[in-house]
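Notebook open, model loaded. I'm jotting down what I looked up, entry by entry.

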Amino acid sequence: MHILIAPNAFKNSLDAAKVAEAINNGLQKSKLSCTTTCFPVADGGDGTARLLIDHLDGQFIPAIVNDPLKRKISSSFGWIEKNKTAVIELAAASGLRLLKADEYDPLIATTQGTGDLILEALNKNATKIILCIGGSATVDGGTGILTALGIRFFDAAKNELDDLPASLSFLAEIDLEGLDKRITTTEMIVLCDVENPLLGPVGAAAVFGPQKGASAKDVEVLEARLTKFHEVVLNKVGKDMAIIKHGGAAGGVAASLHTFLNAHLVNGIDYFLEATGFENELRKADVVITGEGSIDEQTLQGKGPFGVAKRAKESSLPVIAFGGRITIATHRSSQQYFDRLISINENTDDLEAAMKNTYTNLEKAAERLGDLL
């Protein structure tokens, strides 16, 4: 039996490579006689750039950029010299992982640092930019990126809004004249890990604002800002950001980059699996194991394990998924794509302990699975 181990990261616990390693170790300790291939995956969230660069034989280029609170930090972006392609991870400049928990504040957090990384890529004459936008600390509608690239925003009195996103609700005019022209001849592909729209009850502010530190009142403010942004863009640019699939990803970054930079918005896991030759490994497998920290409704919206399972089922392969938390065990769609959903935590009440012991719990769960197989 040959088992393909293709998990996503367990958020805030283990990166995808470590998850795959733990599952592999558990299987090897079990009574099962098998061979394995570890193929950690990513869907546009934290760690996607590292896995892509590892697969595509690239390197990382250091850069000094602004963090979400406009402090200078050391960051980097991936670079593939043979085809002049930059792989940029938004979280490396504008991510929650750069902030302490008491610094989370989507009312002021900006994506300007991601714009700084895009400028660095343009300075290396990039012909393509792959932007992975999961893990953001922001709900700024991508205005930080756009400002870094030269777009200017004004209020009704023609005063430039230089403290975005705080002043976004005063937006009245958008000046595109200063946009760095190099971006118009550079292909941009945005890897999205969610399909949510920009606005509304399942939009950027309502769904993702609380994850980034927003209170219920803050969510109302963020929604109002994004609504104003949408209205001005519709009136001045003639494009409706509210109808864009994936538009709410990264607090509206996807909608902005598609609207202003003609970026291609793609499902992150589908792009990743295609770019890394996943099908070649799938052809050798008898069983596929995947997983992520929380297997829930969002998983079925196109997250990493769903993308893996979908392709495995197209090849009629059994799929087993590990999760720290599983809420869709009886969901019809989950049963269509996952033959078995296994929680690695026997006690789900102590979240802190469960996350601390993720590696050990994965290893034990994989060993039990191996014994069963």
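Predicted model: local features only at pLDDT ≥ 70, side-chain atom pairs only at ≥ 80, totals over all residues.

Entry 1: I started with Glu 21, which at 32% relative accessibility counts as partly exposed; my scale is buried under 20% relative accessible area, exposed over 50% and partly exposed in between, with a 1.4 Å probe and protein chains only. Residues are numbered from 1 along each chain as its sequence is written, and side-chain values use heavy atoms, with hydrogens and water left out.

What does the side chain of Glu 21 meet in a salt bridge? I found Lys 18, at 3.6 Å from N to O. I count a salt bridge when a side-chain nitrogen of Lys or Arg is within 4 Å of a carboxyl oxygen of Asp or Glu. Lys 18 is partly exposed too, at 38%. Both residues sit in helix H1 (residues 16–29), three residues apart, about one turn of the helix. Helices here are DSSP runs of H or I with at least four residues, strands are E runs of at least two, and both are numbered from the N terminus. An α-helix has 3.6 residues a turn, so residues three or four places apart point the same way.

Entry 2: I looked at Arg 97 and Glu 89, whose side chains meet at 3.0 Å, N to O. Arg 97 is partly exposed at 46%, whereas Glu 89 is buried at 6%.

Next I checked Glu 173 and Lys 236, with their closest N and O atoms 3.2 Å apart. Glu 173 lies in strand S8 (residues 173–175) and Lys 236 in helix H7 (residues 216–236), so this pair ties together parts 63 residues apart in sequence. Back to Glu 89 and Arg 97: salt bridges with shared partners join them and Asp 46 into one network.

**Entry 3: the sheet.** In what order do the six strands of the open sheet run? I read S3-S4-S5-S6-S9-S10, with mixed pairing; two strands pair if DSSP finds at least two bridges between them. S3 (59–66) and S10 are the edge strands, each with a single partner, so one side of each has no neighbour in the sheet. The twist averages 30° from one strand to the next.

I then followed S3 to strand S4 (residues 72–80): the two run antiparallel and eight bridges join them. Ile 64 stands opposite Ser 74 in S4.

**Entry 4: helix H9.** Which residues are buried in helix H9 (residues 268–275)? I list Gly 268, Ile 269, Tyr 271, Phe 272 and Leu 273. Their cover includes helix H2 (48–55), strand S6 (128–132), strand S9 (187–192) and helix H11 (304–314), among others; contact means heavy atoms within 4.5 Å.

At the start of H9, a side-chain oxygen of Asn 267 comes to within 3.3 Å of the backbone nitrogen of Ile 269. Just after H9, Gly 277 has a positive phi of about 70°.

H9 lies across S6, S9 and S10, at about 85° to S10. Axes are lines fitted to C-alpha atoms, for helices over the stretch in contact, and angles run from 0 to 180 degrees between N-to-C directions.

How values were computed:
Polar contact = N/O pair within 3.5 Å; in protein donor to acceptor, adjacent residues only side chain to side chain.
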